[in-house]
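Open the model in your viewer and keep the selection tool at hand. The stops below are meant to be taken in order.

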Amino acid sequence: MQVESKSMLPPKVELHIHLDGAVRPSTVWDLAKKRGINVPGSNAKEMTSSIRNFEMGTLPKFLDTFKIFLPPLIGDKEALRRISYEICEDKAKEGVVYFEARFSPHLLVYSDPESGHVKEKALSTHDVMRSIVEGIEQGQKDFNVKARLIICTARETPAWALECLQLCQEFSEFVVAIDIADCGGKDETEGEEYHHEIIRVFQEAERCGVHRTVHAGESGPAGNVKIAIEELKAERIGHGYHVLEDDDIYQMVKDKDIHFEICPTSSVYTGSCDSDFTKHPCVRFIKDQINFSLNTDDPMVFGNTINDEFEIARKYFGLSDEQAIQVTFNAARASFLPKQEKLELIEKLRAAYHVAD
């Protein structure tokens, strides 16, 4: 039975949210207790406080928090189905009508026996994919929201890249793109040089029609954005704040109308941007009418919603109501949905916002 969303919030589209970074704290606590895995605190609230009390201003410290709440999720089919189902409910309650959730299948196959918790039988990446797809499929039906998946490979593990592309193709009904990020808890390197296998795989993705988005220019320099576009054939950039450091590259992204997946709260907490929101790169992006969307990134860690991000943009970036609507349409147009489904999404937004063709 389909459950209609009770949200009366204006409809939103979200393109940059990590599935494992969006799990409910109560779910992590519940799974940890059921599986006998140690997490900090004596209840879910204390555990959440411990997770969110990381040293602000450094991306590695932020990534370290995943070591706390990932273990109860990984290597467990039912846990993966559950978090995939619950993200649909959570996004629907925020007024999101379409979202793309990204994750790395290779990080969810088994628990690291050296981390001190119970070692369980490894899943295959196919097991991970099937479990997540099942959860997303049911969540869509029950909460009247549309969801698709993006598979992440890792800069530091080039051997994963080809299998990630193969999984994109095998599960193409729900997977719409491939992504690459740092999964090892390190800052984006200066002057990024990608392993030749990663470059080959992303260029093959372009040839076979698999969409590409790349984490670049988050903590690293503007040159990484250029490399992502020219070598990895990126259609969208995850974060990309440091593109403003190079006028030529900034002009290139404007000319190419590259879409930036902006995550305001995340950008400050991870030290990617100045802690003063009024100095955020998005202020310039709005002024220059850059193609961007607003996103939550990892609400498990930040405790944020998509509506919080729009409120930040209104309060500190000078985003008008009219521009906020445009940002939502930017996200819909930059989505990796097939053409007809994208048109249907845009029409749905036009009807909700009373926007003419």
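**Stop 1**

Select Cys152, which counts as buried at 3% relative accessibility; buried means under 20% relative accessible area, exposed over 50%, and partly exposed in between, with a 1.4 Å probe and protein chains only. This is a predicted model, in which local features need pLDDT of at least 70 and side-chain atom pairs count only at pLDDT 80 or more, while totals for chains, interfaces and linings use all residues. Residues are numbered from 1 along each chain as its sequence is written, and side-chain values use heavy atoms, with hydrogens and water left out.

**Stop 2**

Switch to a cartoon view and colour the strands. Helices (H or I, at least four residues) and strands (E, at least two) are DSSP runs, numbered from the N terminus. Two strands pair if DSSP finds at least two bridges between them. Eight strands make up an open sheet with parallel pairing, in the order β1-β2-β3-β4-β5-β6-β7-β8. At the edges are β1 (12-18) and β8 (292-294), each of which pairs on one side only. From one strand to the next the twist averages 25 degrees; axes are lines fitted to C-alpha atoms, for helices over the stretch in contact, and angles run from 0 to 180 degrees between N-to-C directions.

**Stop 3: across the strands**

Start at β1, which five bridges join to the parallel strand β2 (residues 96-103). Select Val13 and look for Tyr98 opposite, in β2. Helix α5 (residues 77-93) packs on the sheet here and touches β1, β2 and β3 (146-154). The direction of α5 makes about 140 degrees with that of β2. Contact means heavy atoms within 4.5 Å.

Move on to β3. Eight of the nine residues of β3 are buried, so this strand is largely enclosed by the rest of the structure. Six bridges pair β2 and β3 in the parallel sense, and the bridge partner of Phe99 in β3 is Ala147. On the other pairing, β3 and β4 are also parallel, over six bridges, with Thr153 opposite Ile180 in β4. To get from β3 to β4 the chain passes through helix α7 (residues 161-170) in a right-handed β-α-β crossover. Right-handed means that, with the strands pointing away from the viewer, the path from the first strand over the helix to the second runs clockwise.

Next select β5, where five of the six residues are buried. Two bridges join β4 to β5 in parallel, and Ile178 stands opposite Arg212 in β5.

**Stop 4: the cores**

Which residues have the most contacts inside the largest nonpolar core? Select Phe99 and Phe260; the core has 103 residues. A nonpolar core is a set of buried Ala, Val, Leu, Ile, Met, Phe, Trp, Tyr and Cys residues joined through side-chain atoms within 4.5 Å. Leaving aside neighbours within four places in sequence, Phe260 is in contact with residues including Val225, Ile237, Val243 and Phe292.
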